[in-house]
Amino acid sequence: MIETRGLRKSFGDHVVLDGIDMDVAEGTIFALLGPNGAGKTTMVQVLSTLIDADGGEARVAGHDVFKEPDAVRAAIGVTGQFSAVDNILTGEENLLLMADLHHLSRRAGRKRAAELLERFELSDAARKTPTTYSGGMRRRLDLAMGLVGAPRVIFLDEPTTGLDPRSRRTMWQIIRDLVAGGVTILLTTQYLDEADQLANRIALLDRGKLVAEGTPDELKRRIPGGHISLRFADASGLEAATRILGEGPRDDNELTLQVPTDGSVRALKETLDRLERAAIAVDDVAVHTADLDDVFFALTGHHDTHNNTHLNTQEGAVR
Amino acid sequence: MSSLSSTVQDSVTMLRRDVKHSIRFPMMTISGLAVPIIMLALFNYVFGGALGAVLGGVAHGGSYTNYLAPAILVITVGSGCASTAISVVMDMNAGIIARFRTMAISRASVLNGQVLGSLIRTMLTIGLVLGVALLMGFRPTTDPVAWLAALGLIALFTLAITWMGVMFGLVGKSPAGANSLAQLFLLLAFTSTAFVSTASMAGWVRYFAQYQPFTPVMETLRGLLLGTPIGNNAMLAVAWCLGLTLVGYLGARAIYNRNTIASNPTPLL
């Protein structure tokens, strides 16, 4: 549904996309994971026909992005950092504006707007302008506006950046419902858990290059970050535990053993249950879940150095 | 749907949006109205006596109020340039334009909506300023053909000024920048025959004042409304209007369609 070959883009001397090959299958969620400045937004801007690339090929919904931009535009919906709502119009008027631009009849437009307001829990705020909305409501309106034309491909550029945890969960559920309806979604995010929660496949974007790609499980297997660290009372406990749980990084001086985990409570409980059944005393347990920094360190050999710019970008996105 | 009817339909949608903006955010329209009316009062009641004496009265269509009013109408149109520029730049910075660019809509419709909206706003303002001028003693002709021609010229000049305003808005990048460009352009109105005739000006200024865009439009308007001689001003006025419209339109379109993000890696905020 989305296909790129050797996609390149520079801003002046700064190479932002350095030959991207990517395939997104129909009806799936594909997450582009990376820190700020990795090129995620640029990727979305190119694929949504907002800016030209310098080289390479890109097809979306069966159309060449550079040769048939209008056919691509007719098939996509875009939501994210750079798209926005009209702050002077009410929520409902914003949706009706989109309906008019999709050449829906008055009746069909009103019906569609009412449906979307209802679905995204914005009915009560329909007659208010987005300046009075919370961050989550604005994002939902933004997404709803992208859905008026019933797009087959949806680009979500950091859909939950700057949202509180509850709004984030709501947005995740909306995204799952969308893909259940058959659309294809390209999602960019800087949160590993978000990509893990939502995506069928994840690609890791770093300095304009895709450094890794696969299912969440495939990627996690390549990340040594997620583990349970167990400390035992004595060396015999450590020995016994190693026999039961298998070899892992262990420290005989500190009497610790690291066991890989997916970070879930169930995995932790299972591990502890197995030790308890063998009557091995555990002095201390620590759970370390893999975060984006682990992923980067594991796959690129350097830490994400862009995190300090994070807040500024969020302000820009919310405005 | 053919691309022309789709352009018309999308432009009307964008016009509706622009009209809603004007209604909910009327400060711009109000200041566009207040400035010409204040100028009208200022020049009529404060400087009018002195300037009118310089002009020598009847030769220029009777009272100084009569001389002044057509110029104020032209300046009203000119002030519209700044408000158009500011409203365009605010719109461009709001991010919704980025959304429009990713939609299968007529590209021209976004700017067309702005221009049509400004055109309506300015013409309404002209009507109100004209009313105030009549109250202050402006006594124009009652010939309907002359009036029709005068309104046609004002509309044509408004179209030219509005497209220039759209271009300034796109070049300006910030409300302050857009406003400065528009104000610089508006300075031309003060080196025109708005307040005094060219007879009292120094040599090269007189030449400049005679041929810059505002003077021919003002002189033609005076001719139509007061019966003063028009000469080649009508031709010059129409030529300036068409020329400025073309420059503003082509300039605005080129900038709008240009890859604006290339020069600025920060996404459109």
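In this predicted model, A:Glu3 stands opposite A:Asp23, a residue of strand β2 of chain A. The pairings of strand β1 of chain A, which covers residues 2-11, are set out below.

| Strand paired with β1(A) | Sense | Bridges |
|---|---|---|
| β2(A), residues 14-24 | antiparallel | eight bridges |
| β4(A), residues 55-60 | antiparallel | five bridges |

Between β1(A) and β2(A) there are two residues, and together these strands form a hairpin. In the turn of this hairpin lies A:Gly12, whose phi is positive, at about 65°.

On the scale of the whole chain, the domain assignment divides chain A into domain 1, given as 2-221, and domain 2, given as 227-289. The C-alpha centres of domain 1 of chain A and domain 2 of chain A are 42 Å apart.

Chain B is built from other elements, for its secondary structure comes to 10 helices and zero strands. Chain B has a radius of gyration of 20 Å, close to the 18 Å that the globule rule gives for 269 residues, so chain B is as compact as a globular protein of that length. The C-alpha trace of chain B spans about 60 × 35 × 35 Å along its principal axes, and 47% of the 269 residues in chain B are buried. Among the contacts in chain B with a separation of 6 or more, 81% are between residues 24 or more positions apart.

Key: Residues are numbered from 1 along each chain as its sequence is written. Chains are lettered from A and ligands numbered from 1 in the order in which they are written. This is a predicted model: local features need pLDDT of at least 70, side-chain atom pairs count only at pLDDT 80 or more; totals for chains, interfaces and linings use all residues. Domain bounds come from an automatic or database domain assignment. Helices (H or I, at least four residues) and strands (E, at least two) are DSSP runs, numbered from the N terminus. The radius of gyration is taken over C-alpha atoms; the globule rule is 2.2 Å times the number of residues to the power 0.38. A residue is buried if 20 or more other C-beta atoms lie within 10 Å of its own, exposed if 12 or fewer, and partly exposed in between; C-beta atoms are placed from the backbone. Two residues are in contact if their C-beta atoms, placed from the backbone, lie within 7 Å. Two strands pair if DSSP finds at least two bridges between them.
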